[in-house]
Amino acid sequence: MDKTEIWRETRARIRALTEGEEDVVALMATVACELFHAFDGWDWVGFYRNVGRETLKIGPYQGGHGCLTIPFSRGVCGAAARTGRTQVVDDVDAFPGHIACSSSTRSEIVAPVFDGCGALLGVLDVDSDRPAFFDDQDRAEIEAMLAEVFGRLGAGSADGRAAG
C-alpha cells in the first residue's frame, strides 16, 4: 500500500475513533496509537502538552521513553511550540539545540496542536531512526489531521478539561 492510501485509511480511522470525544488526553492517546501503528519507520509518536510557563510536558505516546519536560527555548519540540510552525528535520544532529531523548532518532517532524480558539495545546512529535524520513506530504497530512481532531475543541481545552 502506498503512503497516500495509508494516510487516507489512518485519517478515516482517527476520525471514526475520535468523533464526539472532547477530552484532550483521550484524543492525544488515540492519535498517537493510530499513527504509531500505521507507518513503518515511525519509531516514536507522541504529544508534549503545553503546561504553561513556556514548558512542554510529555503526554500520551507510543514507543520508548521520551523526555519528561521540554522548554519552548530548546529542541525541535520547543521550536514548534515557540513558532507555532511545523518543524521537519532531516538530520537531528544538524538541528541547533536538538534534545536527544533517544540516541536512535535520526529525523523528526513536530507539529503544533491548536484548539479551535487558537490556543496551543502542545505539539505532536514523530521520530524516525532513518534520516530524511518525513516529507511535505507527511507535514500536510499531520497538520490537516490535527486541525480536524483538535480544532473542534473550544476554550478551556488547553488545560486538559473537556471543551464546552
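The model is predicted, so local features need pLDDT of at least 70 and side-chain atom pairs count only at pLDDT 80 or more, while totals for chains, interfaces and linings use all residues. Residues are numbered from 1 along each chain as its sequence is written, and side-chain values use heavy atoms, with hydrogens and water left out.

Thr55 counts as buried because its relative accessibility is 18%, buried being under 20% relative accessible area with a 1.4 Å probe and protein chains only. Apart from neighbours within four places in sequence, Thr55 has contacts (heavy atoms within 4.5 Å) with Arg49, Asn50, Thr69, Ile70 and Phe72.

Thr55 belongs to strand S2, residues 55-63; strands are DSSP runs of E with at least two residues, numbered from the N terminus. On one side of the description stands S1 (residues 44-50), which pairs with S2 in the antiparallel sense over six bridges; pairing requires that DSSP finds at least two bridges between two strands. Here Val45 is opposite Gln62 of S2. Four residues separate S1 and S2 in a hairpin, and Gly52 in the turn has a positive phi of about 90°.

Next comes S3 (residues 69-71), antiparallel to S2 over three bridges, with Leu56 opposite Ile70 of S3. Five residues form the link in the hairpin that joins S2 to S3.

Definitions and conventions
Buried < 20%, exposed > 50% of the residue type's maximum accessible area, 1.4 Å probe, protein only.
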